[in-house]
Amino acid sequence: MSSIKDAMSCFTTGVTVVTTHFENQDWAMTCNSFNTVSMDPALVLWSVGKGAFSNRAFTQSSGFLVNILSLEQRDLAIKFSTGSQADRFKDEPIERMKSQRTKLSLSLAWFDCEIEQRVSAGDHDILIGRVLEFGTSNGVGLALSKRQFGYIEPLNA
Ligand SMILES: Cc1cc2nc3c(=O)[nH]c(=O)nc-3n(C[C@H](O)[C@H](O)[C@H](O)COP(=O)(O)O)c2cc1C
């Protein structure tokens, strides 16, 4: 018999690392609940577990920065989901944005956002952000399906 988690894992997603700067500290976690919401205004969302150590930092800070991971960054998906915050950023090339939030170098795309709305939903908090700044670079996106990392092979290739 399959679990609700098994069923949810059938939905193929990208993989992101979300960062924030709160109480003079950098915070980050791997996240695949990211999604786009609106073009005008540009809004995105993701959800942070209520049990996450960093929940307070993400829900109480004024914003967050989403790094869309590229295939070359696949090791970061695990690195930013385990260990201390200091370990996650160790040896990681970053750029600090005007907002003070950190962007990981080599990210496929990034969105620096101001929190527009916080919604409590079951065991997660949904954070909806208004995009202040964004950027893209060349590369292939990291995908996640059925708990396995991979990439999308275009059907018309
Ligand atoms: C691929 C992947 C996707 C994840 N997506 C989310 C997510 O969307 N929201 C969330 O709260 N945790 C997510 N996690 C789990 C967090 O990254 C993990 O619990 C992290 O340790 C939380 O950090 P903290 O407890 O130190 O705050 C994901 C983990 C992985 C490996």
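The structure is a predicted model, in which local features require a pLDDT of at least 70 and side-chain atom pairs count only at pLDDT 80 or more, while totals for chains, interfaces and linings use all residues. Residues are numbered from 1 along each chain as its sequence is written.

The chain has 4 helices and 12 strands; helices (H or I, at least four residues) and strands (E, at least two) are DSSP runs, numbered from the N terminus. Its C-alpha atoms fill a box of roughly 45 × 35 × 35 Å along the principal axes. The radius of gyration, taken over C-alpha atoms, is compared with a globule rule of 2.2 Å times the number of residues to the power 0.38. The chain has a value of 15 Å, which agrees with the value near 15 Å for a compact globule of 157 residues. Of the contacts in the chain with a separation of 6 or more, 67% are between residues 24 or more positions apart; a contact requires C-beta atoms, placed from the backbone, within 7 Å.

Buried residues make up 27% of the 157 residues, where a buried residue has 20 or more other C-beta atoms, placed from the backbone, within 10 Å of its own. Strand E6 (residues 63-68) is mostly covered, with 6 of its 6 residues buried. In a regular strand the side chains alternate between the two faces of the sheet. In E6, Gly63, Leu65 and Asn67 point one way, whereas Phe64, Val66 and Ile68 point the other way.

Strands are taken to pair if DSSP finds at least two bridges between them. Strand E2 (residues 16-22) runs antiparallel to E6 and is joined to it by 4 bridges, with Leu65 of E6 as the bridge partner of Thr19. E6 also pairs with strand E9 (residues 109-121) in the antiparallel sense over 6 bridges; Phe111 in E9 is the bridge partner of Val66.

A further 3 strands form an open antiparallel sheet in the order E1-E11-E12. Its edge strands, E1 (13-14) and E12 (148-150), each pair on one side only. E11 (residues 143-145) pairs with E12 over 3 bridges, and Gly150 in E12 is the bridge partner of Ala143.

The ligand is surrounded by 17 residues, the closest being Ser33, Gly49, Phe53, Ser54 and Ser81; a surrounding residue has its C-beta atom, placed from the backbone, within 6 Å. Strands E3 (25-31) and E5 (43-49) each give two or more residues to this shell, and E5 gives the largest share, 4 residues. The shell has 9 nonpolar, 8 polar and no charged residues; Ala, Val, Leu, Ile, Met, Phe, Trp, Tyr, Cys and Pro count as nonpolar, Asp, Glu, Lys and Arg as charged, and the others, Gly among them, as polar.

Notes. Buried ≥ 20, exposed ≤ 12 C-beta atoms within 10 Å, placed from the backbone. Contact = placed C-beta atoms within 7 Å.
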